[in-house]
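Please look at the chain below before reading my comments.

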Amino acid sequence: MSAPSDATQSQETPAEDVELESLRERYARERDRRIRPDGTAQYRSTTGDFGYYATDPYTPRTEREPLNDTVDVLVIGGGFGGLTTGARLRQVGVESIRMMDEAGDFGGTWYWNRYPGIHCDIESYSYIPLLEEVGYVPKWRYAPGEEIRRHAVAIAETFGLYRDALFHTRATSMDWNEDEGVWEVATDRGDHMRARYVITSSGTLSRPKLPGIPGIENFRGHTFHTSRWDYGYTGGDADGGLVGLADKKVAVVGTGATGVQVIPHLGRDAEHLYVFQRTPSSVDVRDNRPTDPEWSGSLEPGWQRERMENFLSIISGEPVETDLTKDGWTATARLQRKMITGALDTSVSAEERERLDEIADARTMNRIRTRVDEVVQDPATAERLKPWYRYMCKRPCFSDHYLQTFNRPDVTLVDTADHGGITRVTEDAIVVGDTEYEVDCVVFATGFEVGISGVLSGALPVRGRDGQELLASWSRGPKTLHGFYSPGFPNLFHLGSMQNANSVNFAHILLEQAEHIAAVIEQAGKTGAEVVEPSEEATEEWVRTVRESAHDNSDFQAQCTPGYYNREGTATGGSNSYGPGPVAFHRILREWRDTRMDEVLVQRTAVSDR
Ligand code: NDP
């Protein structure tokens with residue numbers, strides 16, 4: 001018995017019919033009409049005057065006395081990275097763990113994002129971590145966000161992570177106290193706590209961003225960002241039923257992965273929906289369905305790990321005997337490697353490989369464009385919904401409801417591409433070129449600032465040994481061993497996508513990182529080491545390894561329409577990831593744990609004598 005799966009592939013263009021030259025010209029034209037001179041500066045942060053776009057609408061803030069205490073481990077970030085680290089630390093016997101988050105509860109991205117229609121776009125059996133540990137099998141192949149958020153809460157309950165947890169709390173500074181061997185951590189609640197270890201896992205796409213549209217501050221109607229959904233205004237819940245919009249003209253700005261999920265609900269429930277699109281997403285078949293109870297009843301211990309690794313191997317181009325997932329991601333694995341790792345197929349020359357990649361890409365994108373014609377009845381609307389770029393230029397989307405929404409008489413697609421987006425906002429309307437669209441409500445599905453953990457942005461100043469500032473010590477780029485830790489900053493670990501290897505199944509990436517960190521801290525406990533800190537030599541060796549192996553995808557990026565993947569068309573240089581990809585990286589971590597772990601376990605006195 002296998003997991004429910006599907007064949008998502010409809011007809012592809014035969015390879016011999018692909019016209020690469022004309023496609024290249026069309027892609028370049030579509031990119032050029034969207035490139036803006038202001039690049040990433042076109043966006044506004046949801047801080048200062050726009051701070052209300054980022055406030056927590058889900059959990060009231062409660063006042064509390066500042067803390068002045070000591071814990072063994074402080075985990076900053078209550079999403080899946082922090083939660084799996086906390087869980088693994090509990091499993092190896094760490095008692096004193098404090099979880100901390102700016103949100104009002106656990107869940108990270110699934111805490112914030114509760115918009116109608118929210119689902120995970122990766123198969124839930126591989127995406128949602130610690131299913132076997134918590135004793136849960138998701139009810140749907142692609143789980144709704146609320147089910148995932150509840151699972152995050154269940155992880156915290158299962159592993160006792162609510163004990164000592166602090167919510168609506170942001171770390172504001174961290175200073176290493178060499179005499180006591182602890183980090184001194186201050187927060188925006190006036191806390192001054194000490195922690196022997198600090199683990200930061202505060203997300204890469206967490207702060208919502210707004211387009212810098214002229215006049216945006218003048219709008220007098222209702223407005224919010226998708227990651228802070230205002231159900232008080234719209235009514236309904238994440239399953240829909242937005243009855244508050246029945247007499248409202250609604251604008252939604254943005255047609256990325258979020259827009260594609262939310263637009264079917266807005267289209268169904270608003271009196272009229274205007275979809276302001278700048279670049280269409282590629283939208284393939286989803287084919288979501290409930291979990292087959294016979295299949296879930298047949299699962300043997302270890303099933304989730306096997307499934308996660310199988311998925312990761314396929315995406316990374318590693319050999320596997322079977323594809324356990326068989327979905328739109330595994331079917332396009334070759335195309336994803338353009339972005340994520342280098343091509344592993346060395347049986348042909350680099351030129352031939354590029355030609356084959358491009359043909360495979362064109363066939364997939366032609367099929368996705370053909371699907372638009374098949375689903376959308378109005379030919380002019382269908383034309384505007386077709387994505388003209390290579391597959392991984394933007395996050396690929398999957399939906400069985402999105403394109404269909406444009407067949408509704410109460411939904412209007414407004415193409416803003418020739419204007420670089422929306423022209424301006426007035427008190428009661430959105431203006432594109434010379435046309436005004438009067439609306440009651442504007443929903444921004446305009447994404448997030450990228451890579452903004454407080455540590456990297458400088459919002460959380462970190463001072464290590466001798467008061468050395470982390471960002472100053474990284475002024476010529478991050479300096480880490482395996483992305484986790486840096487010399488001069490003892491007992492401080494970072495989770496995320498920095499100098500390691502990434503995947504579309506980011507929850508799996510975080511799980512492997514969590515397990516590694518827990519193993520290192522466990523070993524420190526066993527050996528009596530006071531400090532976990534890599535040597536300068538080992539760190540330099542790893543930084544060199546990443547630099548030399550990193551897959552340079554800048555040519556590919558330069559051909560893409562602008563977006564956050566290519567820093568709005570300004571990306572230069574290669575990635576900062578380990579080129580052979582996540583499976584190879586995890587192998588390195590395992591071998592390192594077996595043979596070299598003791599190198600980072602040192603005594604404090606010995607370190608300070610250096
Ligand atoms: P994105 O950054 O992907 O999309 C932002 C959208 O806003 C784009 O369509 C963009 O157009 C549009 N936009 C920005 N400025 C303007 C403007 N001035 N006028 C008109 N349109 C504008 O954000 P998302 O929230 O959609 O997705 C972010 C990421 O979150 C995804 O890539 C994915 O990693 C993750 N995600 C994952 C999901 C999952 O199921 N796992 C679901 C949802 C999100 P343009 O493309 O032209 O810039």
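The points below go from the domains to the contact between them.

1. This is a predicted model, in which local features need pLDDT of at least 70, side-chain atom pairs count only at pLDDT 80 or more, and totals for chains, interfaces and linings use all residues. Residues are numbered from 1 along each chain as its sequence is written, and side-chain values use heavy atoms, with hydrogens and water left out.

2. The protein chain has a domain 1 (34–53 + 208–285 + 372–444) and a domain 2 (70–206 + 450–549 + 580–609); such bounds come from an automatic or database domain assignment. Taken over C-alpha atoms, their centres are 34 Å apart. Domain 1 puts 16 residues into the contact and domain 2 puts in twelve, where contact means heavy atoms within 4.5 Å.

3. The buried area between domain 1 and domain 2 is about 1,300 Å², with 51% of it on carbon and sulfur atoms. Buried area is the accessible area (1.4 Å probe) that two parts lose on being put together, summed over both. On the domain 1 side, Ala238, Gln261 and Arg395 lose the most area to domain 2, together 40% of what that side buries.

4. How many salt bridges are counted between domain 1 and domain 2? The count is one salt bridge (a side-chain nitrogen of Lys or Arg within 4 Å of a carboxyl oxygen of Asp or Glu). Asp121 forms a salt bridge with Arg395, and their closest N and O atoms are 2.8 Å apart.
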